[in-house]
Amino acid sequence: SQLLFAVDIILITHLLGEEYTAQYKVSTVLPFSFLFLSVSFIRTNAVKISNKSLDKTYIKNYYLNYLKIFSAISVLVVLFFYLFSDYIFLLFGKQYNNQYNLMFILSIGIAGSLMFRTPLGNILSAVGLPKINALNSFIVLLLNVILNYYLINKMGLVGAAIATSIMFWFSGFLSLIAFVWYLKREE
């Protein structure tokens, strides 16, 4: 699943060059740092979730409560980057201008990861379904390579940011489908 973060960098370097890679990496630093919120939150409760893996009502309510909190956080993250990403770039120096508003585009993808990809992937592992995460990662990796290649060629750095954001959401929705399947399946 960590390859989702690397595909765009590898393809930008290959297709556009190292100077664009540096611009893009700077654009990812702050938005991607917000992922620690959901990872920290969900991993703190991983043992509890594992112990309650047969109690589907508990698992469902846990996720719905999580979603209430992280939906609000996601809106705040996207709003923050919408309003301030141009100013944040000034901290990195003039050579890293944010002419494409890459941080804002990436923050939209981060919102999908905060609400769906990270929590549901961890919940699925905690309830004994890590193979679903592996399959999800494989599908997303293949689609990510194709989409990034196409969009980087068409749109440059903006294409890479859009492709990565789409893949965060797509991966999250695959996890959501698996989670709903887990809740509905008979033991």
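A helix here is a DSSP run of H or I with at least four residues, numbered from the N terminus. By that rule, Leu120 falls in helix α6, residues 102–126. The model used in these exercises is predicted.

**Exercise 1. Leu120**

Task: Decide whether Leu120 is buried or exposed, and state which residues Leu120 is in contact with beyond its neighbours within four places in sequence.

Solution. 
Step 1. Locate the residue: Leu120 is part of helix α6.
Step 2. Apply the cut-off: buried means under 20% relative accessible area. Leu120 has a relative accessible area of 0%, so Leu120 is buried.
Step 3. List the contacts, leaving aside neighbours within four places in sequence: Tyr63, Gly172, Ser175, Leu176 and Phe179.
Step 4. Take one of these contacts, Leu176. Along the chain, Leu120 and Leu176 are 56 residues apart, yet 6.6 Å separates their C-alpha atoms.

**Exercise 2. Lys48**

Solution. 
Step 1. Lys48 belongs to helix α4, which covers residues 46–51.
Step 2. Buried ends at 20%, exposed begins over 50%, and partly exposed is in between.

**Exercise 3. Helices α1 and α2**

Task: Describe how helix α1 packs with helix α2, and state which residues make the contact.

Solution. 
Step 1. Helix α1 spans residues 3–15 and helix α2 spans residues 18–33; they pack at an angle of about 160°, and their axes are 8 Å apart.
Step 2. Angles over 145 degrees count as roughly antiparallel. Therefore α1 and α2 are roughly antiparallel to each other.
Step 3. Their crossing is right-handed.
Step 4. On the α1 side, the contact is made by Phe5, Asp8, Ile9, Ile12 and Thr13; on the α2 side, by Glu18, Tyr20, Thr21, Tyr24, Lys25 and Phe32.
Step 5. Sorted by class, the contact of α1 with α2 has six nonpolar, two polar and three charged residues.

**Exercise 4. Helices α7 and α8**

Task: Find how α7 is oriented relative to α8, and give the classes of residues in the contact.

Solution. 
Step 1. Helix α7 (residues 130–155) packs with helix α8 (residues 157–184) at an angle of about 160°, with 8 Å between the axes.
Step 2. This angle makes α7 roughly antiparallel to α8.
Step 3. The crossing of α7 and α8 is right-handed.
Step 4. The contact of α7 with α8 has 19 nonpolar and seven polar residues, and no charged residues.
Step 5. Apart from neighbours within four places in sequence, Thr164 is in contact with Asp8, Tyr24, Phe32, Leu106 and Asn148.

**Exercise 5. Tyr66 and Phe70**

Task: Classify the aromatic pair of Tyr66 and Phe70, and name the cluster of rings that holds them.

Solution. 
Step 1. A pair of aromatic rings is described by the distance of the centres and the angle of the planes.
Step 2. The structure holds 16 aromatic pairs. For Tyr66 and Phe70 the values are 4.3 Å centre to centre and 15° between the planes, and the pair is stacked.
Step 3. Both residues lie in helix α5 (residues 56–90), four residues apart, about one turn of the helix. Tyr66 and Phe70 are both buried.
Step 4. Ring pairs join Phe41, Tyr63, Tyr66, Phe70, Phe179 and Tyr182 into a cluster.

How values were computed. Residues numbered from 1 in each chain as written. Predicted model: local features only at pLDDT ≥ 70, side-chain atom pairs only at ≥ 80, totals over all residues. Heavy atoms only, no water. Helix = DSSP H or I, 4+ residues; strand = E, 2+ residues; numbered from the N terminus. Axes fitted to C-alpha atoms, helices over the stretch in contact; angles between N-to-C directions. Parallel < 35°, antiparallel > 145°, perpendicular 65-115°, else oblique. Left-handed = near helix turned anticlockwise from the far one by under 90°. Nonpolar A, V, L, I, M, F, W, Y, C, P; charged D, E, K, R; others polar. Contact = heavy atoms within 4.5 Å. Phe/Tyr/Trp six-rings, centres within 6.5 Å; stacked < 30°, edge-to-face > 60°. Buried < 20%, exposed > 50% of the residue type's maximum accessible area, 1.4 Å probe, protein only.
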